[in-house]
Every structure is written in structure tokens, then in C-alpha cells.
Amino acid sequence: MRGLILNSFLTLSMALGTGLPGASAYAQDVDREQLIQQFVKLQQGERAGAVEMQIARMILLKAPQANPNVTRERWLAIQADVNAAIDGVVAQGGDITGSLLRDGLANLSDEELQRLVLIYRDPVYIKYMSTMSSPIVLAKIEQRSQMTARQMSALVNSILEKNGLARVQ
């Protein structure tokens, strides 16, 4: 996921270098906060709170070990409570990805924000991002990431050994 977000930012950086006619005419009466909300929604889609949800799930996986007498039904109710609490955090704009996006938008002018929203609504960009998030491409990303991790591990360990140090995993 972090790779996809980084890829989105890199793609966006390249796209900002191109001019888009009509950007200043778009949403002239939309205030800055609405533009930011539009961009965050376009960037995240339905994934708002995904990082928080993953962290909460990892924490909850350990909870039954610490609380062995809790029934499955109660854990499901607790999971629902956690989900609702995370939804509340996201609704307040407190999710990490949304807040990072907001930080990244802070130095953009209203016109630049308008251009950014237009870029994210562009059919070619939408097609590109859809392709990049297809199961085939995601599998390739995962495979190449693992291959790169193995290569870097071998590289670092060879240098450590060359210097008389222990290998690391």
C-alpha cells in the first residue's frame, strides 16, 4: 500500500508539470477546504482509514491471547466497536493518510489545488491508476518487491561479511 501511495505521489509530481486548460475556471466558488476534501476523497477513494484499520487488526489479533475467556460473539462486537471508532477518526480527518495528504497540500495555491483535482478526475489518470491497482500488477509489484528485498539483503550482508561483521536477516 505504501508503494502505491508513493507511486501516486510520483505520478502526481510528473503530472503537475503539464498545463491543464480550464483549471482556473473549475470550481471558482469552491472554497479551499472543499477542494482539499475533494482531493483527499479522490486520492483515497474508499480506503480512508486503511492504515488505522490494519494496525487495529494487528492489535486485536493479540487480544484473544490476553483475554482467553472472551467469546467469539463478544470479539465480533468489539471489532464492530473498533471499526466505528476508526470511522469516527477518519470522519474527523484524523487518519494518517488523509492528514499527510493535507500536509502535502498546504503549500499549494487554490489554483494549484483545482489543477490537482482535475488531474485526479482525468479519464487517462483514472485508467492508469485502475491498471496499477489490478491484481496482476499488484502481484508483480509484490514479486518485484520481494526480489529487491532479497537482492538488498544479499548486498548488505556481503558488505557486512567483508568487514568481518555478522549477517543480518
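Biologist: Which residues does Glu52 touch, not counting residues up to four places away in sequence?

Modeller: This is a predicted model, in which local features need pLDDT of at least 70, side-chain atom pairs count only at pLDDT 80 or more, and totals for chains, interfaces and linings use all residues. Residues are numbered from 1 along each chain as its sequence is written, and side-chain values use heavy atoms, with hydrogens and water left out. Contact means heavy atoms within 4.5 Å. On that basis, Glu52 touches Ile86, Gly94, Asp95 and Ile96.

Biologist: Is Glu52 buried or exposed?

Modeller: Glu52 belongs to helix 3 (residues 50-66); helices are DSSP runs of H or I, at least four residues, numbered from the N terminus. Buried means under 20% relative accessible area, and exposed over 50%, with a 1.4 Å probe and protein chains only. Because its relative accessibility is 18%, Glu52 counts as buried.

Biologist: Where do the buried residues of helix 7 lie around its axis?

Modeller: In helix 7 (residues 123-132), the buried residues are Tyr125, Met129 and Met132. Viewed down the axis, they fall within an arc of 60°, the arc being that of the directions from the helix axis to the C-beta atoms. The buried residues therefore line one face of the helix.

Biologist: Which residues are exposed on the other side of helix 7?

Modeller: The buried face holds Tyr125, Met129 and Met132. On the other side of helix 7, the exposed residues are Pro123, Val124 and Lys127.

Notes. Helix = DSSP H or I, 4+ residues; strand = E, 2+ residues; numbered from the N terminus.
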